[in-house]
Amino acid sequence: MKQLSHLNHAGEANMVDVSDKALTSRHARAEAYLSLDKLTLQLITEGKHPKGDVFAVARIAGIQAAKKTWDLIPLCHPLMLTKVEVLLTPQWDPCRIHIQTFCKLSGQTGVEMEALTAASVTALTLYDMCKAVQKDMVIECIRLVEKQGGKSGDYQRSWDD
């Protein structure tokens, strides 16, 4: 079994030293879904939600979250992200919002956690903005979709699972 990289020789939590790793281009994509009622989705997409532009606020929250991942997730490195993108796509059958995030940099460590954090916080922000209208929304399927670059190689999610 492969040893966890965030444990030292004594089994204690430890931030990985990446100082000897080469600078390489890296990117990651993640996604999540927020399931909600048709009426709530309609309020958002028609710009009639009482809290204003829900998508704009959620998009900014996701971008900010990616930039602050190192502050939120223990042992993550502070990264100089060169791109963060958050896409929000309303889907009507089933009724949900598809959240897609993309993070990119040239660095010594990957950006998977930044993409996943962006997707998570975007979903949480959508929930927060809409909870006055609907409380039984469900955040689902927060997952890594793709990553490229780094020592561990590339990853592409299999859509069979």
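Predicted model: local features only at pLDDT ≥ 70, side-chain atom pairs only at ≥ 80, totals over all residues.
In general, strands of a sheet pair through backbone hydrogen bonds, in either a parallel or an antiparallel manner. Lys 147 has Tyr 155 of β5 as its bridge partner.

Helix α1 covers residues 38–45, and its buried residues are Thr 40, Leu 41, Leu 43 and Ile 44. Viewed down the helix axis, the buried residues of α1 fall within an arc of 155°, so they line one face of the helix. Lys 38 and Leu 39, on the other side of α1, are exposed. The packing partners of the buried residues of α1 are α2 (54–67), β2 (83–92), β3 (95–107) and α4 (112–130). Just after this helix comes Gly 47, with a positive phi of about 70°.

The largest nonpolar core contains 32 residues, of which Leu 81, Leu 88, Ile 97, Ile 99 and Leu 126 touch the most other members. At least two residues of this core come from each of β1 (24–35), α1, α2, β2, β3 and α4. Helix α4 gives the largest share, eight residues. As for Leu 126, leaving aside residues up to four places away in sequence, its contacts are Leu 34, Val 54, Phe 55, Ala 58, Leu 88, Ile 97 and Ile 99.

The remaining points concern the backbone. Most peptide bonds are trans, and most residues other than glycine have a negative phi. The bond from Asp 93 to Pro 94, however, is cis, with omega near 5°. Pro 94 lies in the loop between β2 and β3. Two residues other than glycine with positive phi can be listed here: Leu 75, with phi near 75°, and Cys 141, with phi near 55°. Leu 75 is located in the loop between α3 (69–72) and β2, whereas Cys 141 is in strand β4. Leu 75 is partly exposed, at a relative accessible area of 29%. Cys 141 is also partly exposed, with a relative accessible area of 42%.

Key
Residues numbered from 1 in each chain as written. Heavy atoms only, no water. Buried < 20%, exposed > 50% of the residue type's maximum accessible area, 1.4 Å probe, protein only. Helix = DSSP H or I, 4+ residues; strand = E, 2+ residues; numbered from the N terminus. Arc of directions from axis to C-beta. Contact = heavy atoms within 4.5 Å. Core = buried A, V, L, I, M, F, W, Y, C linked by side-chain atoms within 4.5 Å. Pairing = 2+ DSSP bridges.
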